Amino acid sequence: MNVNDFDFELPEKLIAQTPLLDRTSSRLLVMDKKTGTVTHRHFRDIVEHLHAGDTLVLNDTRVLPARMMGVKEDTGANIELLLLKEIGDDVWETLVKPAKKVKIGTVISFGEGLLKAECVGLLDHGGRHFKMVYDGIFYEILEQLGEMPLPPYIREKLEDQGRYQTVFAKERGSAAAPTAGLHFTDALLDEIRAKGVNIAFITLHVGLGTFRPVSVDSIEDHEMHAEFYRITQETADLINNTKKNGGRVISVGTTSTRTLESVANKFSGELQEDSGWTDIFIFPGYEFKAIDGLITNFHLPKSTLVMLVSALSNRDAILNAYQEAVQERYRFFSFGDAMFIEPAKKETQQ
């Protein structure tokens, strides 16, 4: 398949720059997974589309305020540092701008010396390894000094940093938010539980590779970035039992989907407690083993995420739904509206 098979025209003005005041007031496009039929709702109406015995799977990763502005100790030059992941012993893999000014031994100071970072390794494409030097608790210092690493297509300043976190964010380590989860509030989750729907959590720390375009013509040649995931035995058991009892597994976001499918592939369809790194690439032709339905935002043209949602339904149905979303002026990407690829209600639930 060619990457251009997943292209569509998206007016730039439909890219949401700021979050809505009320998380649940986003619009919701509901697409029947089998027929492709589309209906238009609001996100708070998701409760009506979930059934007792279903399990909703959420990604509880917490976004690090990973963008920091500092100065070189020797010259005073301004340096931007973006933390990607901790290697160990206070050493972090980072992206640096401007990278050409940072060599082995360069020391960058943040917050007038509250945190210092010494370059201990050079990587490709502006990447560097830094050893962090500080007194106290690193993550508390990071919360004080850092900013949210918003996607490159968001150009407006985020006044409330908490709006780029889900209300259930818990496990620190993400470079980007699992944006499908941004639509939920605690009250909405309580309403969903009250209907008899199970809530389960996995962790996948989203990497910046999620924003990188596909640079090959044939999608089969694309290499995915790896991201760390974790699933507990409690979540695995809940999902396994849901499927055995005829319930539907509804994944919230492509990150939850990639985690569940990675584990299901590893253990021949059964989910088990597991953690590790996944670079799974899901595109049409893939046979899903863990999930039945998906709640997700609207994604970039020609992106791996559009390919994933096309695999769950079919390419023509997804592109038709996206075309209707454009015509109806839905808001796209991280702070935008949502889509529910809805599977049929299982016969055993009736």
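The side chain of T55 makes a polar contact with the side chain of N198 at 3.1 Å, and another with the side chain of T242 at 2.5 Å. A polar contact here is a pair of N or O atoms within 3.5 Å; within protein, one must be able to donate a hydrogen and the other to accept it, and residues adjacent in sequence count only if both atoms are side-chain atoms. This is a predicted model, in which local features need pLDDT of at least 70 and side-chain atom pairs count only at pLDDT 80 or more, while totals for chains, interfaces and linings use all residues. Residues are numbered from 1 along each chain as its sequence is written, and side-chain values use heavy atoms, with hydrogens and water left out.

Let us stay with T55 for a moment. T55 is found in strand β3 and is buried, with a relative accessible area of 1%. Buried means under 20% relative accessible area, exposed over 50%, and partly exposed in between, with a 1.4 Å probe and protein chains only. Helices (H or I, at least four residues) and strands (E, at least two) are DSSP runs, numbered from the N terminus. Leaving out residues up to four places away in sequence, T55 touches N198, A200, L238, I239, T242, R248, V249 and I250, where contact means heavy atoms within 4.5 Å.

Just after the helix, G246 takes a positive phi of about 85°.

How does α3 sit on the strands? It lies across β3, β12, β13 and β14, running at about 130° to β12. Axes are lines fitted to C-alpha atoms, for helices over the stretch in contact, and angles run from 0 to 180 degrees between N-to-C directions.

Those strands belong to an open sheet of nine strands in the order β2-β1-β17-β16-β14-β3-β12-β13-β15, with mixed pairing. The edge strands are β2 and β15, each pairing on one side only. Two strands pair if DSSP finds at least two bridges between them. Within this sheet, β3 and β12 pair in the parallel sense over five bridges, and N59 stands opposite I202 in β12. Two bridges join β12 to β13, which run antiparallel. Five of the seven residues of β12 are buried, so this strand is largely enclosed by the rest of the structure.

Elsewhere, a closed barrel of six strands runs β5-β6-β7-β10-β9-β8, with antiparallel pairing. Strands β9 and β10 pair over seven bridges, and the bridge partner of C119 in β10 is F130.
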